[in-house]
Amino acid sequence: MVNTKVESSYDVTNLTSLEKLEPVRVRPGMYIGSTGSKGLHHCIWEILDNSIDEITNGYGEKVSVILNKDKSVTIIDNGRGIPTGIHPIKKKSGVEMVFTELHTGGKFNNSNYKTSGGLHGVGAAVVNALSEWLEVEVCQNGHVHKQRFEYAEDRELNRKMPGTPVTELETIGNTKITGTKVTFKPDKEVFSTVDFKFEVIEERLQELAFQNKGITLIFKDERKEPFIIKEYRSERGLLDFIEYLNESKAAIHKDPIIFEGAKDLEGMNLYCEACIQFTDSTTEYLASYVNNIPTTESGTHEAGFKTGMTRAFKEWSKKLNIVKEKDKGFEGDDLREGMTAILRVKISNPIFEGQTKTKLGNNEAYTVMNELTYIKIGEWIEDNKEIAINIINNAVSAASRREKIKKINEAEKKKIGKGTAPLAGKVAICTLKKPELCEFIVVEGDSAGGSAKQARDRRFQTIMPSKGKIMNTEKQKLENVIASEELKLFNAAVGTGVLENYNEEELKYNKIIILSDADVDGYHIRTLWITYIYRYMRQLITNGHLYIALPPLYKVYKSGKTGETVRYAYSDDELVKAKKEVGKGALIQRYKGLGEMNPEQLWDTTLNPETRTLQQVTIDDAAKAEKMISLLMGEVVEPRRNYMFKYAEF
């Protein structure tokens, strides 16, 4: 048989070798997760974590973060300072090695740092590689040293390279203090945005202050005048943190459960501090940190904590004669209903999954946390039996509700199996069956829903008209939420299930889009849906599936000889621009709601992937999201009133 396929040449000349920091520049997502806002802020965390590591290991007590007018950021600490001496083998200063070589640092053994958040030795170099320029000043041994790096010509390689030293490490003055100052400007050619968000940094610094009582964190924003200066400091640590998180929740016991302990296991030293408070909420919230790094994807330390806690409460439920031996009792999920917990762990040799360090993988951490939590919770129950009895009774009630809900879900599944699913006639389903290509759009009101059904692309867009406002699920018992007809309709259409039954593989749509009017009622409807999804299907948010469709506020138009000129504006600033583009004699229509748009306009402005504006819903900071959902949608009124007065103008 003759092979007629024309093969391209493939030999050694096709191989490419990336030099120095080029791998970071070519594949930034491998090192910082993304090149969007999250990755941008991750650059701050990399430098900040190094400063916090100095402080938590006993060197210094203050860190400052400064947002500069030129869109650069400065992080200053009063630690020991990066080593400035010349390495005997590399013949480079320690500063240059740290910022130009991957896997270079002082954290690969435990002689310099007992615990640290930065372990891979790549953070500083990665930030340098992704910056237009970076400057570092080190105060050490009575002198101030400075070096600058840029995305510039490398003399050795004869081409532009990221993180190239453009000066030597110079001595520029004398000083009596010690510490490190790093200033970098993220490269706009790498990142989709180079605008740092004040709120994201503020929340991270607040969390760090709670986790490290007694240290001082300063945050300055010099981008606009007057400058904003804030200081974060906590004297009670996790007790202040849990009070902050539960401000808008009603606690069922005043004094939180708090314990700490340490243990050595197979060469790994683990220290744990935990703070727990049960509230009248129907959902649990657990914030965990390893060496000050938020482990948003949990890990072995969380699993061990949960197992140990469940063991202790189950054992005592029988000792206290609340649950009989023959009874089925309660599960861990039942026990943790309404629980707010903060888990702070320090490990000498953590194994993180990925450079962004969002999940802990040490198997030893599970064993230690399981045993430690079991012992400490047992000791607390011994001294606090009345409170423990309330917690156990709540868990038993939650287990009973779970069984009822299970029966409701099974009944719904039988309906779907018989072909009597509630979707018929209520949801306009798309024809494509490939979830990665399909969108599920919840539209406010029957009128707008009717227009959206006509306007949509039937191949990939499913429309569900929402009848006004769904219930505020933050204020409802679980059984009421599960029984809601409109939420059952949404759940059946999306396909994933809720809470512990959530299954990403069953998701029928890649994008879940909420489309509501651009008015107060529309914003409220949007918030109600986000609250429900955050509480019951949070993975839709964390896995990047939830979006807000932004309908235009204005139509700017003018008729002429060649037809009508039309521009749509989504804000007052865009209105000014649209009026200029349309020109003299422009007419302005202010949309009061989606129902005012005909199907063609709705497609052009809000449904067409080529022209619409979507805002992805993300959780940049889980603690902030938890607090805001509880504050805005919960039962406690006073914190919400204070918040609204504070931000009335916004």
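User: How much space lies in the largest cavity?

Analyst: About 60 Å³ of space lies in the largest cavity. Before we go on, this is a predicted model: local features need pLDDT of at least 70 and side-chain atom pairs count only at pLDDT 80 or more, while totals for chains, interfaces and linings use all residues. Residues are numbered from 1 along each chain as its sequence is written, and side-chain values use heavy atoms, with hydrogens and water left out.

User: What makes a space a cavity, and how is its volume defined?

Analyst: On a 1 Å grid over the protein atoms alone, a cavity is a set of points where a 1.4 Å probe fits but cannot get out. Grid points are joined across faces, edges and corners, and the volume is the space filled by probe spheres set on the points.

User: Which residues line the largest cavity, and how do they divide by class?

Analyst: Lining residues have an atom within 4 Å of a point. For the largest cavity they are D517, A518, D519, P551, P552, R590, Y591, K592, G593, L594 and M597. By class there are 6 nonpolar, 1 polar and 4 charged residues. The nonpolar class is Ala, Val, Leu, Ile, Met, Phe, Trp, Tyr, Cys and Pro, the charged class is Asp, Glu, Lys and Arg, and the others, Gly among them, count as polar.

User: What about the lining of the second largest cavity?

Analyst: S281, T282, T283, T473, E474, R535 and Y536 line the second largest cavity. They divide into 1 nonpolar, 4 polar and 2 charged.

User: Why is S317 called buried?

Analyst: Buried means under 20% relative accessible area, with exposed over 50% and partly exposed in between (1.4 Å probe, protein chains only). S317 has 2% relative accessibility, so it counts as buried. This residue lies in helix α8 (residues 300-319); helices here are DSSP runs of H or I with at least four residues, and strands are runs of E with at least two, numbered from the N terminus. Not counting residues up to four places away in sequence, S317 touches I322, V323, F330 and I392, where contact means heavy atoms within 4.5 Å.

User: Why do N68 and N491 count as buried?

Analyst: N68 has 15% relative accessibility, so it falls in the buried class. The place of N68 is in the loop between β1 and β2 (73-77), and beyond its neighbours within four places in sequence it is in contact with V73, T74, T183, E222 and R223. N491 has 17% relative accessibility, so it is buried by that cut-off as well. N491 lies in helix α14 (residues 485-494) and touches T496, V498, Y532 and M537, leaving out residues up to four places away in sequence. The C-alpha atoms of N491 and M537 are separated by 9.4 Å, though the two are 46 residues apart along the chain.

User: What makes β8 a partner of β1 and β9?

Analyst: Two strands pair if DSSP finds at least two bridges between them. β1 (residues 62-67) and β8 are parallel over 6 bridges, with K220 in β8 as the bridge partner of I66. β8 and β9 (residues 228-232) are antiparallel over 5 bridges, and a hairpin joins them through 6 residues. In this pair, L217 has Y232 as its bridge partner, and I218 stands opposite E231. Strand β8 (residues 216-221) is mostly covered, with 5 of its 6 residues buried.

User: Why are β10 and β13 said to stand at the edges?

Analyst: The open sheet of 5 strands has the order β10-β11-β14-β12-β13, with mixed pairing. β10 (257-265) and β13 (293-294) each have a single partner strand, so one side of each is left without a neighbour in the sheet. For β13, the pairing with β12 (residues 285-290) is antiparallel over 2 bridges, and Y289 stands opposite P294.

Technical notes:
On a 1 Å grid over the protein atoms alone, a cavity is a set of points where a 1.4 Å probe fits but cannot get out, and a pocket is an open set with protein on both sides within 12 Å along at least five of seven lines; lining residues have an atom within 4 Å of a point.
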